[in-house]
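This briefing is intended for reading alongside the sequence and the coordinates. Please keep both in view while working through the points.

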Amino acid sequence: MHTGETRRDAEKLTSGRRKPLSRRPLRWRIGVIVAVFALIAVACGGGDDATGDGPSEQPETAEADEAAPDTTPDEVQEEVVEAREAGEATGEDIRETETGPTHGGRLVYGIEADTANPFVHYASSCAISCRMIFRSITDSLYVTDSDGEIVPYLVESETHSDDYMVWTMTLRDGINFHDGTPLTGEAVAYNINLCRLSQLTGPALLGIDDVTGEGQTVTVTASPGQPLAAGLGPAGRAETCGQMFSQAWLHTLPNNPLYVSPASPLPQEMREALREEAVGDPSAPVGLGAFKFVSYTPGNGNSFIAARNPDYWRGENGITGENLPYLDEIEFVVAVDIQGRSNGLKAGQFDIIHTANADEISKYEGDDFVLLQANDYGETSHNLINVAAGVNPVLAFVRGAAEPIAMDPLGLNSTNPLVHLSCRKALAHAFDGDRFANERHQGLVQVANGPFPPGSVGYLEDSGYPTYDPEAAASEFEQCKADSDQNPVAFSFNTTNDAFNVESNELIAAMWTDAFGDEVAVSIQPIEQGQYINLALAGVFQMQGWRNHGGVDPSEQWYWWHSATASPIDPTVPELALNFGRFQDPAIDAAYQVIRHNPDPAARLAAAEEVNRAFGRNVWNLWTYWTLWGIIANPRVQNITDLPIPDNAENAFPVISGKHHLTQIWCTDGNCQG
């Protein structure tokens, strides 16, 4: 079979062409109040005063100009503390600078973990460190602006049919990938369709029937009876599958879902021929971002290096005529242990680090280093529980199976006492959140009672989640022993191999021992983070410390919690589940039918609150605290968060769940080290 013809045939199946339908434009908004929550899609254009010149013409940001020149560092710190306590710390870099942006410099970024299966959206187990790397070497279809709106970025405009069944995206023209190939509707459709075929990312795109591209247009069609209130949806917008990679590069990858996925539409002979020809390197990504891949060496202490892209679409040779990016090179260095990462910053090994360790963040308050703190739209830290049991009729319906699908056919989770609600409630009642926040996080974090932090849509002051109550814990534990038929009640409690996290798990386990004595037996196992995520995906755990669910809208969470994404635990037929805990909750499923498919704001708000209450009733996770992120840098690193958005009066949102943009960063005198 001729390889060129085979690839062309494959392209037709994943980026089929059709004429776009005519649709009226609609501007949507996302925010933290009901009126803003009503509008969840994308802006069709920006403010009249947006110049597109960015910081190259305005070295001091608007935010810095608004701050009074005589504002003292203590006053700035006081504002940050107030925002943090209200759950509204954005991580904004509000420093005033004496000089403007300067080209040059090499930035070394200390990140918390390496990435499993790097670096392509449909395969990578992509935590925060991975997303930072993605943001350096490619851009996304949409970004979140400083008002909390998901707005066009690579997309120029978006429209939808009156019934929300068909959405059309128009892409910016003149953007090229690093290999010189253009960003077109076909390239975007190819990216998204590969994600739809992937076992890892495909469940997040359920409800989409068809994605096609022609010219600079992408058309997304909903599955019958499933209108898309949020368009392409969170998995295809700002993160992961919304981040674009070269179609030519994707063709060369041996793990391309067209070649390996059981769901591939290609004939077996064609798949085998394409796979045989695929000799590309998935860990050498070809994006279209501000920096181009140079090298990657996996493992703790090793690095990912990317160099300035002279033909960046927001550069002097690009379509906006800006001067981005400013840095010559970025190196991401994996430093798993927070003490090692922090010491590396102080010793000059790193120019900037990130951390979700509030204890370490507290040490930099009032220090000479730049400290940005962010918990707005942030993640919720929790203990993730594997409750796989029984059958899953929803998954059977999605797959068209004749019989309900068994969730634990080999009985691997049958000895886990936490499948019983009484055991989960007992542990929740025995957890002293205030003590944990004070002893492990210097009191800088808030104790969580649900998945949605204060200020987020769906947050409830009283979610019904069990509060710290030793007497109630003792009562539930008696029922737990009876339900599980165990004494002692024994389970494993995994953690990443960061020493601080191990000690945190040990404190939680000590609380349970204080409450239940030798009738509870907790085994703590440290695990490397890349493997850690894979264990969750495969369901090979009983309980794990976890951090997830940051975002500006509850629609971004559905695929973590829906019965349709709760795959079985069966090593003989390896399956990956985005619903890591494998729980099935009809109330949550019903609520997400509204959140995803009903554009009515009041209905969506009520549904989000019902999701919160369902978690409170059933204790699917043991909530601990709402995460505080710190971005810490030496003072030479400038403009850490203020990325202007073309055709928009607002900048990108500073920091969401530890992620921020890198394109706009520059260093004093073009030298990050000094």
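The structure is a predicted model, in which local features need pLDDT of at least 70 and side-chain atom pairs count only at pLDDT 80 or more, while totals for chains, interfaces and linings use all residues. Residues are numbered from 1 along each chain as its sequence is written, and side-chain values use heavy atoms, with hydrogens and water left out.

**Overall composition**

- The chain contains 20 helices and 23 strands; helices (H or I, at least four residues) and strands (E, at least two) are DSSP runs, numbered from the N terminus.
- Of the 674 residues in the chain, 60% are buried, where buried means under 20% relative accessible area, exposed over 50% and partly exposed in between, with a 1.4 Å probe and protein chains only.
- Among contacts (heavy atoms within 4.5 Å) with a separation of 6 or more, 75% are accounted for by residues 24 or more positions apart.

**The six-stranded sheet**

- Six strands form an open sheet with mixed pairing, in the order β16-β20-β13-β19-β17-β18; two strands pair if DSSP finds at least two bridges between them.
- At the edges of this sheet are β16 (446–447) and β18 (520–527), each of which pairs on one side only.
- Strands of a sheet pair through backbone hydrogen bonds, either parallel or antiparallel.
- Strand β19 (residues 543–548) pairs in the parallel sense with β17 (residues 489–496) over two bridges, and in the antiparallel sense with β13 (residues 380–385) over six bridges.
- Methionine 543 of β19 stands opposite phenylalanine 493 and also opposite isoleucine 385.
- Five of the six residues of β19 are buried, and the strand is mostly covered.

**Histidine 354**

- Histidine 354 lies in strand β11 (residues 352–355) and is buried, with a relative accessible area of 0%.
- Leaving aside residues up to four places away in sequence, histidine 354 touches a set of residues including Tyr109, Glu112, Met132, Arg341, Trp629 and Gly658.
- Glycine 630 is 276 residues away from histidine 354 along the chain, yet their C-alpha atoms are separated by 5.7 Å.
- The side chains of histidine 354 and serine 129 are joined by a polar contact of 3.5 Å; a polar contact is a pair of N or O atoms within 3.5 Å, and within protein one must be able to donate a hydrogen and the other to accept it, with residues adjacent in sequence counting only if both atoms are side-chain atoms.

**Threonine 240**

- Threonine 240 belongs to the loop between β7 (217–222) and α7 (247–251).
- With 16% relative accessibility, threonine 240 counts as buried.
- The side chains of threonine 240 and arginine 131 make a polar contact at 2.6 Å.

**Helices α19 and α20**

- The axes of α19 (residues 586–597) and α20 (residues 601–618) come within 8 Å and cross at roughly 160°; axes are lines fitted to C-alpha atoms, for helices over the stretch in contact, and angles run from 0 to 180 degrees between N-to-C directions.
- The two helices α19 and α20 are therefore roughly antiparallel, a term for angles over 145 degrees.
- Residues making the contact include Ala587, Ile588 and Tyr592 of α19 and Ala603, Val611 and Phe615 of α20.

How values were computed
Angles under 35 degrees count as roughly parallel, over 145 as roughly antiparallel, 65 to 115 as roughly perpendicular and the rest as oblique.
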